[in-house]
Amino acid sequence: MTKAWVVYESMYGNTREVADAVAQGVREWADVEVREVSTATVLPDDLDLVVAGAPTHAFGLSRPSTREDAAHKAHRSVESAGMGLREWMDAVDLPTSAPSFVTFDTRVRHPHLPGSAAKKAAKRLHAAGGTQMAKPTSFWVDGMEGPLLEGERERAQAWGASLDMSSAPSREQ
């Protein structure tokens, strides 16, 4: 069976909510685990797909300074205050046969606002030897702390199901 991990960084819970919904969709065709970024530092050798997600901060991936700023502005505790997806990609050892990957981000829906954590992450994972299997995707939140806009959870679940690699040859063959 296809094996997938959904690895996420989340400040206010919106990206975690999207990660959980994506995993629900992926479960239709694969064995999937959802991992907060700090708990995913060693990827298993038999992993077929990594779905990586993060909030967009300052037009791209978060940095320690943007996470600290978000924590100060928050009206509740933040989830991924330490390690972010940027640091995870710098630290993680990809298996010899790197898994395929796809990326997503959460961001405020605002016309003409540039930048995407998902696009930045895709470039970094590709440079590390991974194979991108779908275009980066954004899911929309209402304001800095959210919540997700109406219908985004369902869209995330459908997106996860659409990533179906079950008909692709397995890595064991």
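**Close-up views of the predicted model**

**View 1. Salt bridge between Lys3 and Asp46.** Asp46 is partly exposed, its relative accessible area being 41%. In this predicted model, the side chain of Asp46 forms a salt bridge with that of Lys3, with an N to O distance of 3.4 Å. Lys3 belongs to strand 1 (residues 3-8) and Asp46 to the loop between strand 2 (31-36) and strand 3 (49-55), so the contact ties together parts that are 43 residues apart in sequence. Lys3 counts as buried, at 18% relative accessibility.

**View 2. Salt bridge between Asp90 and Arg124.** The closest N and O atoms of this pair are 2.3 Å apart. Because Asp90 lies in helix 3 (residues 85-91) and Arg124 in helix 4, the bridge ties together parts that are 34 residues apart in sequence. Asp90 is exposed at 57% relative accessibility, while Arg124 is partly exposed at 27%.

View 3. The side chains of Glu152 and Arg155 meet at 2.7 Å, N to O. The two residues are three apart in helix 5, which separates them by about one helical turn. Glu152 is buried, with 7% relative accessibility; Arg155 is partly exposed, with 33%.

**View 4. Two faces of helix 2 (residues 64-73).** Thr66, Arg67 and Ala70 are the buried residues of this helix. They lie on the same side of helix 2, because they cover an arc of only 100° around the axis.

View 5. The bond from Gly146 to Pro147 is cis, with omega near 20°. Pro147 sits in the loop between strand 6 (137-141) and helix 5 (152-162).

Conventions. Residues numbered from 1 in each chain as written. Predicted model: local features only at pLDDT ≥ 70, side-chain atom pairs only at ≥ 80, totals over all residues. Heavy atoms only, no water. Buried < 20%, exposed > 50% of the residue type's maximum accessible area, 1.4 Å probe, protein only. Helix = DSSP H or I, 4+ residues; strand = E, 2+ residues; numbered from the N terminus. Arc of directions from axis to C-beta. Salt bridge = Lys/Arg side-chain N within 4 Å of Asp/Glu carboxyl O.
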